[in-house]
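Please read the points below alongside the model shown here.

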Amino acid sequence: MKLYAPSTIRGIKEQYGFKLSKSLGQNFLTDKNIIDKIIDSTDITDEDLVIEIGPGIGVLTYEAAQQAKKVIAVEIDKNLIPILKDTLGEFDNVEIINQDVLKTDLNQIIAESGCREAKIIGNLPYYITTPIIMGILESNTHADSITIMMQKEVADRIKAGPGSKTYGALSVAVQYYCEVETVAIVPKEVFFPAPKVDSAVLKLVIRKEKPVELIDEKMFFRCIKAGFGQRRKTLSNSLMGIGDVTKEQVKACLEELGIDEKRRAETLSLEEFANVANYFSKGEK
Ligand code: SAM
């Protein structure tokens, strides 16, 4: 049986009385090529733990289970659990957890599995793509990589560099934690039902060493938030949003770092944000 075929999805809907939920972002993948691209680019070995976010009826789970030591899939929709038990019934290395991934401690799951780290995969529900990615990164999840499908517009924002319209806090934050690779651009027609927008698969490889040295990570994120929080303002104004600094102190910082105060945050590189953060972390006010 081709699990990914639209006729299979229709059959499952009928057999189990299953109704697709728009609010849970249930647009299932129907293209074996794309499924293979996600699985192949994840480089799964028989020693790997794979954690899947939102397995749906199990199209990615099915392929990952054939290569991994273990697959743990976290699915919020309880109506999909009996379906997954059937579609993945032939595997004894698959565990399904019926939970909201945003309320799931992935590090605990990894620790209990006996594996050192996980490879995370998923075709993410669009409505919570950013919180899922940032949640994984900010909680220092023991993951080797995150290979995920998302709305193309979000992928563009993640990949963007300084000067680009789509460059923002998400770009700097994700690029600080990960090396970003594009795996595929995916047209909306390969989903059932088709969403309104195109998608992209990115592989986020978690950096073992960060690209910049920071005295205080929290200050770095405060600077990014302040900079992009007021996109239209010049740097000397927007960086006031760091809090607890005067305009004179911001100007002195920018002068010492050789950064023109009239520039806007969207032109600052990750390294320049790091330099600003380190300046204020040292208390050079
Ligand atoms: N992986 C399947 C595929 O590619 O066909 C399904 C992908 S579908 C875009 C997103 C899946 O995530 C759905 O099965 C949905 O129920 C599930 N989901 C939505 N919100 C979730 C959450 N907060 N935690 C876990 N799963 C969630």
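1. Twelve residues of domain 1 are in contact with 13 residues of domain 2, where contact means heavy atoms within 4.5 Å. The bounds, 6–206 for domain 1 and 217–281 for domain 2, come from an automatic or database domain assignment, and the C-alpha centres of the two domains lie 35 Å apart.

2. This is a predicted model, in which local features need pLDDT of at least 70 and side-chain atom pairs count only at pLDDT 80 or more, while totals for chains, interfaces and linings use all residues. Residues are numbered from 1 along each chain as its sequence is written, and side-chain values use heavy atoms, with hydrogens and water left out.

3. Between domain 1 and domain 2 about 950 Å² is buried, with carbon and sulfur atoms giving 67% of that area; buried area is the accessible area (1.4 Å probe) that two parts lose on being put together, summed over both. Tyr167, Val172 and Tyr176 supply 51% of what domain 1 buries against domain 2, more than any other three residues.

4. Five residue pairs, both members at pLDDT 80 or more, are in polar contact between domain 1 and domain 2; a polar contact is a pair of N or O atoms within 3.5 Å, and within protein one must be able to donate a hydrogen and the other to accept it, with residues adjacent in sequence counting only if both atoms are side-chain atoms.

5. As for the ligand, a polar side-chain atom of Glu75 lies 2.6 Å from one of its oxygen atoms, and a side-chain N or O atom of Asp100 is 2.8 Å from a ligand nitrogen atom. The protein buries 99% of the 600 Å² that the ligand exposes when taken alone, with accessible areas from the Shrake-Rupley method with a 1.4 Å probe.
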